[in-house]
Amino acid sequence: TTIRTASLISFSSLTHIASGERSPVYEIHLDQRKLRTPGGKALLVPNEVLALALAREWDSQKNTIQRHCMHLTTLCNRVVDWQTELEPMSIVEGIMQFADTDTICFRCQEPDELVKLQRDSWDPILQWIVERYSLRPMLTNSLVSSVTMSRTDRNVLTRHFLSYNRWGLIGSQACAENLKSVFLTLAAVDGFCSATRAVELSLLEQTFQAS
């Protein structure tokens, strides 16, 4: 089988990715050794873009490997080491726990500048959610009570997330946990906004308060 490689200089010698032309997976080599997960499996990923991102993450390590900074590697390890007893529904439930506490559904009542900023920044996301998924997001100004998503909307999103493969599920769960938002997760995954923009939107109030 012909092997395609893309090389990056690493902290020790050489990091590269390789894939058989007929194979749907890519592997990462470090010092001519296959990178392995904590579970001992070869770290195989489904596309070249992800493989290159992993290689760059390893390439960014210098004298000491700082695994706590290697978030992409951690996520990929989790997917590859996926335990067969781990049901997809349990991952979806982890994502959906943010449905009633979604960041962009909690709105401030003052100051006026922040109220306008939240409306101008978050409403386009919610409008897209309405059009894309036919949902009815609920808003609140209360900091002590959650927004209860309707059973119908919850079922729609649950079925949607259950259509993902394990890569999509683990990635979406990580997004939801960090953004504290199901809606921003969907917007980023579907390409309505970039991941960078999703993070900015999730930190909108903190950024405003710090400015």
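Student: How many residues of H7 are buried?
Tutor: Six of its eight residues are buried, so H7 is mostly covered. Keep in mind that this is a predicted model.

Student: Which residues of H7 are the buried ones?
Tutor: Val182, Phe183, Leu184, Thr185, Leu186 and Ala187.

Student: Let's move to Ile104. Where is it found?
Tutor: Ile104 is in the loop between helix H3 (88-96) and helix H4 (112-133).

Student: Is Ile104 buried or exposed?
Tutor: Ile104 is buried. Its relative accessible area is 0%, and the cut-off for buried is under 20%.

Student: What is Ile104 in contact with, leaving aside neighbours within four places in sequence?
Tutor: Trp122, Ile125, Leu126, Leu139, Ser181, Phe183 and Leu184. Two of these names, Phe183 and Leu184, are also on the list of buried H7 residues.

Student: How far apart are the C-alpha atoms of Ile104 and Phe183?
Tutor: They are separated by 7.8 Å. Along the chain, the two residues are 79 apart.

Student: New topic, rings. How many aromatic pairs does the structure hold?
Tutor: Three. One of them is Trp128 with Phe192. Their ring centres are 5.0 Å apart and their planes are at 20°, so the pair is stacked.

Student: Which is Trp128, buried or exposed?
Tutor: Trp128 is buried, at 13% relative accessible area. Phe192 counts as partly exposed, at 39%.

Student: What about Phe161 and Tyr164, how do their rings meet?
Tutor: Edge-to-face. The centres are 5.5 Å apart and the planes are at 80°, which is why the pair gets that label. Phe161 and Tyr164 are both buried.

Student: Which residues do ring pairs link into a cluster?
Tutor: Trp128, Tyr133 and Phe192.

Student: And which residue lies over the face of Tyr133?
Tutor: Arg132 does, at 4.4 Å from the ring centre.

Student: Switching to voids. How many cavities of 30 Å³ or more does a search of the whole structure find?
Tutor: One. The space in the largest cavity is about 60 Å³.

Student: What lines the largest cavity?
Tutor: Ala99, Cys105, Arg136, Pro137, Met138, Val147, Thr148, Met149, Ser150, Asp153 and Phe183. By class, that lining has seven nonpolar, two polar and two charged residues. Phe183 is also one of the contacts of Ile104.

Student: Now the largest pocket. What is its volume?
Tutor: About 530 Å³. The lining has 21 residues. Closest to the centre of the pocket are Leu50, Leu72, Leu75, Trp167 and Gly171.

Student: Which helices each supply at least two residues of that pocket lining?
Tutor: Helix H1 (48-59), helix H2 (71-80) and H6. H6 gives the most, with eight residues.

Notes
Residues numbered from 1 in each chain as written. Predicted model: local features only at pLDDT ≥ 70, side-chain atom pairs only at ≥ 80, totals over all residues. Heavy atoms only, no water. 1 Å grid on protein atoms, 1.4 Å probe; cavity = no way out; pocket = protein on both sides within 12 Å on 5 of 7 lines; lining within 4 Å. Points joined across faces, edges and corners; volume = space filled by probe spheres on them. Nonpolar A, V, L, I, M, F, W, Y, C, P; charged D, E, K, R; others polar. Helix = DSSP H or I, 4+ residues; strand = E, 2+ residues; numbered from the N terminus. Buried < 20%, exposed > 50% of the residue type's maximum accessible area, 1.4 Å probe, protein only. Contact = heavy atoms within 4.5 Å. Phe/Tyr/Trp six-rings, centres within 6.5 Å; stacked < 30°, edge-to-face > 60°. Lys NZ or Arg CZ within 6 Å of the ring centre and 35° of its normal.
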